[in-house]
Amino acid sequence: MNKIILILFLALMLTSCEQVVDLGSLPHEEKLFIEGVLSPNEDIEICVSRTLPPLDTSGIFPNGDIDSLATRVSDMTGTITVDGEVYALKHIGFGRYRIFNSSNQPIKGKPGSSYMLFGKWKDAEISASTKIPLEPTSRFIRAIIDTQRRMLSWGGEYVKVLIETESMLPLDETWSLSITVRNAMNFEVKEFFDQDPSMIQDSSFIDFGYRKYILSNNRPQISTFMLYLNADPLLSNAEVLQAHAETKIIIRSFDKAWKAFMDTQYLGEGFSGIFGGTETGIQWNIKGKGLGIFVGRHETHIPFTYL
């Protein structure tokens, strides 16, 4: 009998401590989200959307994905200042905005130009600044072909080539390396990122390898990495290289804000936080009541035709 009384008493205590939480009242601060990567000779354009409340399902597909078009903002006002000259943002559809000259022609990006963004929507104001870097200064140093053996992987055959380049890294820019491989059979784009000047980044079409962007330090940067060229088993190495005659090294440079974003894009999966991560989260360069990225970029292509 005493056990029954004790159980009833505990049950009464537990039920008396219950508290119903109204999930519909979760706090939410609506913010603008800006996507803008500015490149030379391309229209200066940004895409604007808004954040959704935690429990808002109006813009959610049945599979849980967010309908990005449902979050786009079409009535933001604002400007982009190009080297001191102010241009009004014009909405061209689906949350995309451009700036136009006096002849109503879209203004295109220019290397070395500076850009300042300002926008306002409801009570949210945002701002950001960036520049488009000058064309990267890079040179090809060498390519060493492994003529002794080929790599077999996933039913394919590959010729292994060691690549070495040198790039001069101006201040306030972030750089990356990538390979564009073209032939009659396929089109592949793979990116290779330096870990350390003394290390070789060995990565194939199957494995991207470890990603890390280079922060410029105003001195030459030697980049060494491996490239695997898809090979027909019946072709010689010389014929394989000829089949990849359009292969190029692409050297890309960004405003330095890009590196901060890339380093923290997965919420800064580092070790400074109490549970592994960081306390700062993703490092955007949009200021004010907004999130997102507004950066300039440039690239140069080094041909491989002499391999």
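Biologist: Which residues have the most contacts inside the largest nonpolar core?

Modeller: A nonpolar core is a set of buried nonpolar residues joined through side-chain atoms within 4.5 Å. In this structure, which is a predicted model, the largest such core has 24 residues. Those with the most contacts inside it are Leu-32, Ile-46, Met-76, Ile-80 and Phe-294.

Biologist: Which elements give two or more residues to this core?

Modeller: They are strands E1 and E2, strand E3 (77-82), strand E4 (85-93), strand E5, strand E6 (114-121) and strand E7 (124-131).

Biologist: With which residues is Leu-32 in contact, leaving aside its neighbours within four places in sequence?

Modeller: With those neighbours set aside, the contacts of Leu-32 are Val-48, Ser-49, Val-73, Met-76, Trp-121, Ala-124, Ile-126, Lys-289, Gly-290 and Leu-291. Apart from the core of 24 residues lies another, of 17 residues, which includes Val-161, Ile-249, Ile-251 and Ile-302.

Biologist: Let us turn to strand E6. Which side chains along E6 are buried?

Modeller: The side chains of E6 alternate between two faces. Tyr-115, Leu-117, Gly-119 and Trp-121 point to one face and are buried.

Biologist: How many bridges join E6 to E3, and how many to E7?

Modeller: Strands E3 and E6 run antiparallel and are joined by 6 bridges; within this pairing, Val-82 has Tyr-115 as its bridge partner in E6. Strands E6 and E7 also pair in the antiparallel sense, over 8 bridges, and here Met-116 stands opposite Ser-129 of E7. The two strands E6 and E7 form a hairpin with 2 residues between them. In that turn, Lys-122 has a positive phi of about 55°.

Biologist: Where is Ser-113 found, and is Ser-113 buried or exposed?

Modeller: Ser-113 is in the loop between E5 and E6. Residues under 20% relative accessible area count as buried, and Ser-113, at 5%, is therefore buried. Not counting residues up to four places away in sequence, Ser-113 touches Asp-83, Thr-130, Lys-131 and Ile-132.

Biologist: Why is the pair of Trp-258 and Phe-261 tilted?

Modeller: Planes under 30 degrees apart count as stacked and those over 60 as edge-to-face, the rest being tilted. The ring planes of Trp-258 and Phe-261 stand at 55°, with the centres 5.3 Å apart, so this pair is tilted. Both residues lie in helix H3 (residues 257-264), 3 residues apart, which is about one turn of the helix. Trp-258 has a relative accessibility of 13% and counts as buried; Phe-261 is buried, with a relative accessible area of 13%. Ring pairs link Phe-33, Phe-254, Trp-258, Phe-261 and Trp-284 into a cluster.

Biologist: How many salt bridges does a search of the whole structure find?

Modeller: A salt bridge requires a side-chain nitrogen of Lys or Arg within 4 Å of a carboxyl oxygen of Asp or Glu. By that criterion, the search finds 14 salt bridges. One of them joins the side chains of Asp-43 and Arg-98, at 3.4 Å from N to O. Asp-43 lies in the loop between strand E1 (32-38) and strand E2 (45-50), whereas Arg-98 lies in strand E5 (residues 96-99), so this pair ties together parts that are 55 residues apart in sequence. Asp-43 is partly exposed, with a relative accessible area of 24%.

Biologist: Which parts does the salt bridge of Glu-45 and Arg-96 tie together?

Modeller: The side chains of Glu-45 and Arg-96 meet at 2.9 Å, N to O. Glu-45 belongs to strand E2 and Arg-96 to strand E5, so the parts tied together are 51 residues apart in sequence. Glu-45 is partly exposed at 23%, and Arg-96 is partly exposed at 27%.

Biologist: Is each partner in the salt bridge of Arg-149 and Asp-146 buried or exposed?

Modeller: In this salt bridge, at 3.8 Å from N to O, Arg-149 is exposed, with a relative accessible area of 57%, whereas Asp-146 is buried, at 17%. Elsewhere, salt bridges that share partners join Asp-43, Glu-45, Arg-96, Arg-98 and Lys-108 into one network.

Technical notes. Residues are numbered from 1 along each chain as its sequence is written. This is a predicted model: local features need pLDDT of at least 70, side-chain atom pairs count only at pLDDT 80 or more; totals for chains, interfaces and linings use all residues. Side-chain values use heavy atoms; hydrogens and water are left out. Rings of Phe, Tyr and Trp (its six-membered ring) pair if their centres lie within 6.5 Å; planes under 30 degrees apart count as stacked, over 60 as edge-to-face and the rest as tilted. Helices (H or I, at least four residues) and strands (E, at least two) are DSSP runs, numbered from the N terminus. Buried means under 20% relative accessible area, exposed over 50%, partly exposed in between (1.4 Å probe, protein chains only). Contact means heavy atoms within 4.5 Å. Two strands pair if DSSP finds at least two bridges between them.
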